[in-house]
Amino acid sequence: MELARTVLRLFHPLLIPIYNILLFYVIGFINPYHTLIGLAYTFLFSLLIPLLSLHWLHAKGAISSVDIPKQEDRVIPYLICATSLTICSIALAYNNMYPIVYATLYAGAISLIVCSLINFWWKISIHTTAIGCWLGCVLHLYVIWPFGYFTGGSSLVLSLVVMIAGLVGSARIATERHSLLQIYAGFLLGFMVGFCMLFLCV
């Protein structure tokens, strides 16, 4: 159980955009300057602002816990995170970031908006939505863009993200915070949004 919690902390939805920027840098898709810009904005908008918002909402009594385990607590934090990711995407675009990079953040924002709407009726898993969205974006880049060129023709990066997705899904099952259907639905939702949104944004 502790191992499952560690996996979920390491691959928390708020950290996925940061890992995404690092991935683009590691494969040589973006230069060090754009990497620093990307990390600075994603740290601020995808991690710091959402975390501070969660603590502020908790302090005001708007949510019962910063972990937002209750279904009724999730809509406002989701919408705050979606807005923050959208602002981050716009900021990166103004700093001449490659469209592919900030398009992945738009995909994350759309996933959060859809999850917030679904959450009125059903507690869908945001962890598997986030990792599914990331995998969908990466697969899109392999299928549609010559991403293999940047990785030496290797599918190692794609395999790594698939493995992480499997770990997150398994960890979410182990913690019993969602039903299997909620976990699978979250993954499929994120995957479809991540794969399809890049067609519109790039």
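How many nonpolar, polar and charged residues are in the lining of the largest pocket? Keep that in mind as you click around this predicted model.

**Stop 1: the largest pocket.** Start by selecting His-12, Pro-13, Leu-14, Ile-126 and His-127, which are the closest to the pocket's centre among its 38 lining residues. The volume here is about 850 Å³. Now colour by helix: H1 (2-10), H2 (16-26), H3 (32-59), H4, H5, H6 (126-143) and H8 (156-175) each give two or more residues to the lining. H6 has the largest share, with seven residues. As for the opening question, the count is 22 nonpolar, ten polar and six charged.

**Stop 2: the second largest pocket.** This one holds about 200 Å³ of space. Select Phe-11, Tyr-19, Leu-22, Leu-23, Val-26, Ile-27, Trp-134, Val-157, Leu-160, Val-161 and Ile-164 to see its lining. H2 and H8 each supply at least two of the lining residues. By class, the lining has eleven nonpolar residues, with no polar and no charged ones.

**Stop 3: the cysteines.** Searching the whole structure turns up zero disulfides. Pick Cys-115: its nearest cysteine sulfur belongs to Cys-133, 9.5 Å away. Cys-115 counts as buried because its relative accessibility is 0%. Then hop to Cys-137, where the nearest cysteine sulfur is again that of Cys-133, here 4.4 Å away.

**Stop 4: Asn-96.** Finish in the loop between H4 (75-94) and H5 (99-118), where Asn-96 sits. Its phi is near 60 degrees, a positive value in a residue that isn't glycine. Most residues other than glycine have a negative phi. Asn-96 counts as exposed, since its relative accessibility is 61%.

Methods:
Residues numbered from 1 in each chain as written. Predicted model: local features only at pLDDT ≥ 70, side-chain atom pairs only at ≥ 80, totals over all residues. Heavy atoms only, no water. Helix = DSSP H or I, 4+ residues; strand = E, 2+ residues; numbered from the N terminus. Buried < 20%, exposed > 50% of the residue type's maximum accessible area, 1.4 Å probe, protein only. Disulfide = S-S within 2.5 Å. 1 Å grid on protein atoms, 1.4 Å probe; cavity = no way out; pocket = protein on both sides within 12 Å on 5 of 7 lines; lining within 4 Å. Points joined across faces, edges and corners; volume = space filled by probe spheres on them. Nonpolar A, V, L, I, M, F, W, Y, C, P; charged D, E, K, R; others polar.
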